[in-house]
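Trainee: Please take me through this one slowly, starting wherever you like.

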There are 2 protein chains.
Amino acid sequence: MTACIGIQIGVLLSHMGKYDPAIQEIFHALADPTRCAIVAALGQGPRTVSMLAEPFEMALPSLMKHLAVLERSGVVRSHKQGRIRTCELVPARLGQAEQWLAEQRAMWEARADRMVDFVESLHRQEQAHGRRRR
Amino acid sequence: MTACIGIQIGVLLSHMGKYDPAIQEIFHALADPTRCAIVAALGQGPRTVSMLAEPFEMALPSLMKHLAVLERSGVVRSHKQGRIRTCELVPARLGQAEQWLAEQRAMWEARADRMVDFVESLHRQEQAHGRRRR
């Protein structure tokens, strides 16, 4: 049953243009206030884990869990030098989520535009019809 | 402790520009393949609940739960006429998430640009210094 839903969703998603199945991981990574705040802090530049931990007054293991979710989604990457781990933002990954949202909006707006065109063409036809009758 | 973290995060988030605390609800709503597929389907135009249910082969109560999450986030709205519920996308709400992502990227990119400016000014100073010494 689950596999079946997976296939059905796969078929549906394949019609959604350049769909990256990992895009939900980005949204999942951002569906938390601490992780949103980490992303915002990293927007200012790379930060060590202890610099990131400071404003949260959070136990380090909890912060590391949030960082792991962000890293898994590809929104953040980190490297370790000696005992210090430094994190940085991967803006291209945020850009992918941005693009997906923009595509859904664009589809909706194109449809709304087509609706306006359709109503306008109906209006023109009606006016032309009215002139012929006069 | 939790309240304390809340306040700290609040302070941090207040530095993040026009921050809407409900933005995580949008990301949470999109952190699921079924809900992403529903948003993509609604990009094509309003759909009744039974039209939305069709490609998923999913029990209606499960689909309704997904729709409730999307409605709570403001990404989707619905209205009932008789026994038929019709859902439609709220593109402005997707736009808010898009804007938040764009802001984080812009912050990062502005910082990267400042870094390039700094390196270039160092290079110019070095060249001027070299010319004076010749």
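**Loop, sheet and helix packing**

Mentor: Let's start with B:Glu57, which is partly exposed with a relative accessible area of 42%, where buried means under 20% relative accessible area, exposed over 50% and partly exposed in between (1.4 Å probe, protein chains only). Keep in mind that this is a predicted model, in which local features need pLDDT of at least 70 and side-chain atom pairs count only at pLDDT 80 or more, while totals for chains, interfaces and linings use all residues. Residues are numbered from 1 along each chain as its sequence is written, chains are lettered from A and ligands numbered from 1 in the order in which they are written, and side-chain values use heavy atoms, with hydrogens and water left out.

Trainee: What phi does B:Glu57 have?

Mentor: B:Glu57 is not a glycine, yet its phi is positive, at about 45°. Most residues other than glycine have a negative phi.

Trainee: And where does B:Glu57 lie?

Mentor: B:Glu57 lies in the loop of chain B between α4 (49-53) and α5 (60-73); helices (H or I, at least four residues) and strands (E, at least two) are DSSP runs, numbered from the N terminus.

Trainee: Let's zoom out. How many helices and strands are in chain A?

Mentor: Chain A has 6 helices and 3 strands, and from the N terminus on its elements run α-α-α-β-α-α-β-β-α. Of its 134 residues, 39% are buried.

Trainee: What does the accessible surface of chain A come to?

Mentor: About 7,900 Å², with 56% of that belonging to carbon and sulfur atoms; accessible areas come from the Shrake-Rupley method with a 1.4 Å probe, and for residues only the protein chains shown count as cover.

Trainee: In what order do the strands of the chain A sheet stand?

Mentor: The sheet is open, with 3 strands in the order β1-β3-β2 and antiparallel pairing, and two strands pair if DSSP finds at least two bridges between them. At its edges are β1 (47-48) and β2 (76-81) of chain A, each pairing on one side only.

Trainee: How many bridges join β2(A) to β3?

Mentor: There are 6 bridges between β2(A) and the antiparallel strand β3 (residues 84-89) of chain A, and among the partners in β3(A), A:Arg85 is that of A:Lys80. Helix α3 (residues 33-43) of chain A packs on this sheet and touches β1, β2 and β3, its direction making about 90° with that of β3(A). Contact here means heavy atoms within 4.5 Å.

Trainee: Which residue in β3(A) is the bridge partner of A:Thr48?

Mentor: A:Thr86 is the partner of A:Thr48, and A:Thr86 is also the bridge partner of A:His79. β1(A) and β3(A) pair in the antiparallel sense over 2 bridges.

Trainee: What is in the turn of the β2(A) and β3(A) hairpin?

Mentor: There are 2 residues between the strands, and A:Gly82 takes a positive phi near 65°. In chain B, the hairpin of β2(B) and β3(B) likewise has 2 residues between its strands, with B:Gly82 in the turn at a positive phi of about 65°.

Trainee: Back to helices, at what angle do α3(A) and α5 of chain A cross?

Mentor: Their axes cross at roughly 70° and come within 10 Å, with α5 spanning residues 60-73. That makes α3(A) roughly perpendicular to α5(A), since angles under 35 degrees count as roughly parallel, over 145 as roughly antiparallel, 65 to 115 as roughly perpendicular and the rest as oblique. The axes are lines fitted to C-alpha atoms, for helices over the stretch in contact, and angles run from 0 to 180 degrees between N-to-C directions.

Trainee: Which residues in α3(A) meet α5(A)?

Mentor: A:Thr34, A:Arg35, A:Ile38 and A:Val39 do, and they meet residues of α5(A) including A:Leu63, A:His66 and A:Leu70.
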